[in-house]
Amino acid sequence: MIKGSLTLDPKIIRQDFPIFQQAVAKPLVYLDSAATSQRPSKVIDAEMEYYQKYNSNVHRGVYRISVEATEAYERAREKVARFINARSPKEIIFVRSTTEAINLISQTWGRTNIQTGDNVLLTEMEHHSNIVPWMMLCKEKGASLRYLEVDDDGFLSLDQLDSSLDNRSKLLAFTHASNVLGTINPAKEMIRRAHDKGALVVLDSAQTTPHMTTDVRDLDCDFMAFSGHKMLGPTGIGILYAREEILDRMEPFLYGGDMIKEVHKDSARWNDLPWKFEAGTPNIAGAIGLGAAIDYINGLGIDQIRAHERAITSRALDMVQSIPGITVYGPKDPDKRAGLISFNIKGVHAHDTASILDTHNVCIRAGHHCAQPLMEKLGVPATTRASFYVYNNNEDIDMLIHGIEAVKGVFKL
Amino acid sequence: MSEDLYKEIILDYYKNPRNYGTLENPDMKAMDTNPLCGDELEMQIKLGESDKIADIRFNGKGCAISMASASILTEMVQGKKIEDARQFNKEELLGAMGTPNLGPVRIKCALLPLKVLKLAIYSHLGKVLEGDDRNL
Ligand SMILES: Cc1ncc(COP(=O)(O)O)c(C=O)c1O
């Protein structure tokens with residue numbers, strides 16, 4: 001591939017995103033899709049159409065628009081199932097977010113299956129949402145938490161994975177890609193090794209499902225969690241995937257309407273999958289919007305999206321690293337890295353960098369990125385992070401570089 | 001807006017912090033973090049005659065705004081009576097920094113040192129933050 005040439009054409013793609021179509025003096029340079037993506041009109045329209053044309057509650061109505069709403073909601077579930085290659089839509093639970101999905105696992109499966117003396121293995125590159133639920137569970141149960149170390153290049157060690165798992169290891173929970181380092185972990189191999197030792201695996205795919213193929217059957221994970229809002233979909237809708245036989249044996253998470261088959265004064269029977277885990281009125285518009293987001297992603301092609309981001313990331317890595325006084329964290333090989341770059345400018349705090357970039361209308365994130373154990377490991381209080389998606393182009397990277405030069409100018413570096 | 005936030009005075013105090021460090025056996029001290037970025041700041045104070053601030057030091061990591069604010073604040077309250085330091089308000093500090101319009105996010109960085117100073121004073125007085133100080 002010629003350097004700088006892109007698989008997708010962001011100029012055309014941007015026309016689908018209202019936020020980039022506003023008449024503004026300075027173009028919006030949005031480099032924070034790892035926090036949340038922008039949304040195309042198709043997603044916004046799908047949600048609006050539900051509210052305007054067939055707004056009603058799902059599952060219980062006999063009238064036409066409720067049937068329509070139910071069908072649209074369940075169709076969205078089928079789209080998610082196909083997108084991650086689940087065996088059945090029953091394995092797709094709609095939740096609020098990655099965070100809620102992981103809490104659901106720890107509160108139900110975890111409470112039943114983790115006992116005193118057991119251990120849960122995490123990695124040093126986890127997002128707080130894949131640390132704290134396990135920390136609290138382990139405290140409650142008298143189990144212990146273990147962490148796989150991140151090496152200087154931002155990688156985990158498979159040997160350490162093997163040596164950290166013993167016959168009391170019930171679970172390995174790890175992120176498919178680090179939201180700080182960008183490292184793409186060898187998930188399939190890690191899952192195989194964990195299964196060899198008898199542990200189940202939770203895969204946090206918040207940073208990969210939006211950007212590359214995440215095939216749950218090929219990966220063979222037991223649970224997977226991701227968020228709609230990072231994949232062009234609405235906020236407030238997330239996905240828990242789990243193998244059907246595991247879900248069958250799990251206790252419900254929340255109790256109430258929709259998740260029951262029948263209720264008597266002192267007993268209740270749970271609904272079938274997946275509704276057993278969806279108590280109360282769900283985020284109907286959110287699910288429908290997520291379905292539209294998946295259609296949009298499929299229209300572009302997930303492999304094309306990955307290739308596009310790889311090209312942008314590769315160019316950005318080269319350019320950022322060539323600036324004197326910049327430290328880039330994580331793998332140097334763009335094949336091993338998701339579409340994001342965390343860095344620091346020597347002598348400048350990440351927040352100051354982000355504030356000055358903001359004056360150039362460049363949106364990047366600064367802080368600990370909800371990964372404080374990793375920050376401790378890196379020995380920095382914060383990093384600045386630029387992250388990319390389908391609508392980013394080479395000019396965005398040029399603006400980032402220009403902004404970094406401006407920061408150095410302000411601080412007279 | 002924020003490029004001129006980084007005025008000479010801020011950059012100067014950031015690069016050459018005043019009163020940075022620690023004290024031996026301080027009479028008062030407090031620590032807090034900025035939840036937005038996790039930055040930590042500690043202040044230590046030694047009292048002199050008639051409850052005046054004889055020596056004050058801060059330490060921690062932070063952005064230019066919070067580090068400059070800490071330096072400027074420590075200079076401003078040095079020699080003040082505890083009660084006067086307790087009444088020192090954020091407008092005085094922001095005025096001295098030359099940055100009255102920081103915006104809702106970055107103002108938290110500027111005010112963290114003031115909050116830590118107040119925490120030290122209130123806890124020395126055996127009280128919890130009261131009035132406007134609760135909103136710092
Ligand atoms: C790796 C990773 N896991 C989990 C999350 C949490 O996602 P959410 O805030 O949507 O629950 C994020 C997003 O910030 C993330 O990057």
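This is a predicted model: local features need pLDDT of at least 70, side-chain atom pairs count only at pLDDT 80 or more; totals for chains, interfaces and linings use all residues.
Reader: In what order do the strands of the open sheet in chain B lie, and is the pairing parallel or antiparallel?

Author: Strands of a sheet pair through backbone hydrogen bonds, in either a parallel or an antiparallel way. In chain B, three strands form an open sheet in the order β1-β2-β3, and the pairing is antiparallel. β1 (28–33) and β3 (53–60) of chain B each have a single partner strand and stand at the edges, so one side of each has no neighbour in the sheet. From one strand to the next, the twist averages 15°.

Reader: How many bridges join β2 to β3 in chain B?

Author: Seven bridges join β2 (residues 40–47) of chain B to β3(B). Among the residues involved, Met43(B) has Phe58(B) in β3(B) as its bridge partner.

Reader: Which strands does helix α2 of chain B touch?

Author: Helix α2 (residues 64–77) of chain B packs on the sheet and touches β2 and β3 of chain B, its direction making about 175° with that of β3(B). Helix α5 (residues 106–124) of chain B lies across β1, β2 and β3 of chain B, at about 140° to β1(B).

Reader: What are the domains of chain A?

Author: The assignment gives domain 1 (10–37 + 301–410) and domain 2 (44–298) of chain A. Their contact takes 39 residues from domain 1 and 34 residues from domain 2. Between them the two domains bury about 2800 Å², with 58% of it on carbon and sulfur atoms.

Reader: How many salt bridges does the rule find across that interface?

Author: The rule finds two salt bridges there. Lys377(A) forms a salt bridge with Glu149(A), with the closest N and O atoms 3.8 Å apart. On the side of domain 1 of chain A that touches domain 2, α13(A) gives the largest share, six residues.

How values were computed
Residues are numbered from 1 along each chain as its sequence is written. Chains are lettered from A and ligands numbered from 1 in the order in which they are written. Side-chain values use heavy atoms; hydrogens and water are left out. Two strands pair if DSSP finds at least two bridges between them. Helices (H or I, at least four residues) and strands (E, at least two) are DSSP runs, numbered from the N terminus. Axes are lines fitted to C-alpha atoms, for helices over the stretch in contact, and angles run from 0 to 180 degrees between N-to-C directions. Contact means heavy atoms within 4.5 Å. Domain bounds come from an automatic or database domain assignment. Buried area is the accessible area (1.4 Å probe) that two parts lose on being put together, summed over both. A salt bridge is a side-chain nitrogen of Lys or Arg within 4 Å of a carboxyl oxygen of Asp or Glu.
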